[in-house]
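Let's take a walk through this fold together. Have a look at it first, and then we'll start with the strands.

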Amino acid sequence: QELFHGAAGWVNPQRLIASWLAHPNIALKMQTHAGDVAALDADVVVVACGYQSPDVLPTLDSLLQPIRGQVEWGLSLNVSVSGYPVNGMGHFIQTQRTWVAGATFQRDERDLTPREKDVDKNFEKLAILLPELAKPNLASLREESASWVGVRTAQKNRQPLVMQPDANRYPHLWVCTGLGSRGLSLAALCASRLLASV
């Protein structure tokens, strides 16, 4: 069933995150190997590596669950459909240049290789979500589509994880992860919680 959210808005994740991180007291370290995060020279160190956080701090492994998801996307859309995001049985989002549809949800999986059976599943969902897309149009979309796979992480209770893994030994070391599918919604709350505690 199609759902319309009249009060919904568009969020550009890249711009939002860049805005959040544009602070003189924040130093973002990416693509950097840290042999011992506890030894990093900073007043506060936050490990925020998503599903790979246990690779940095193995004690987190029992707390977190990786969740694999695959979507299908394309650069052009030659059929007329709703000009607003649609969700219900999966989702469909269209901009002037691209469209995206999906998604799958597979617990305890980290494989980033696209799967043909997931393509099938996503287009089955799309046919239910937007029945006005006749079979020829779905076939055309599928021929021109590509797959994207991502892995997010969550706690099994679906609550984000903001904590000090060992406050006695490493009082400056924090973890912020496990935001699952609601990262943009929960990130500001988690940051506020963390800052109120340091």
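How many bridges join strand 2 to strand 5? There are four, and these two strands, with strand 5 covering residues 99-102, run antiparallel. Helices (H or I, at least four residues) and strands (E, at least two) are DSSP runs, numbered from the N terminus, and two strands pair if DSSP finds at least two bridges between them. Before going on, note that this is a predicted model, where local features need pLDDT of at least 70 and side-chain atom pairs count only at pLDDT 80 or more, while totals for chains, interfaces and linings use all residues. Residues are numbered from 1 along each chain as its sequence is written, and side-chain values use heavy atoms, leaving out hydrogens and water.

Back to strand 2 (residues 64-74): ten of its eleven residues are buried, so the rest of the structure largely encloses it. Buried means under 20% relative accessible area, with exposed over 50% and partly exposed in between (1.4 Å probe, protein chains only). Strand 2 also pairs with strand 7 (residues 146-155) in the antiparallel sense, over ten bridges, and with strand 6, again antiparallel, over two bridges. Arg 68 sits opposite Val 151 in strand 7, and its bridge partner in strand 6 is Gln 106.

Now follow Arg 68 to a neighbour. Arg 115 lies in the loop between strand 6 (106-107) and helix 3 (116-129). Leaving aside residues up to four places away in sequence, Arg 115 touches Arg 68, Gln 70, Gln 106 and Glu 109, where contact means heavy atoms within 4.5 Å. Arg 115 counts as buried because its relative accessibility is 18%.
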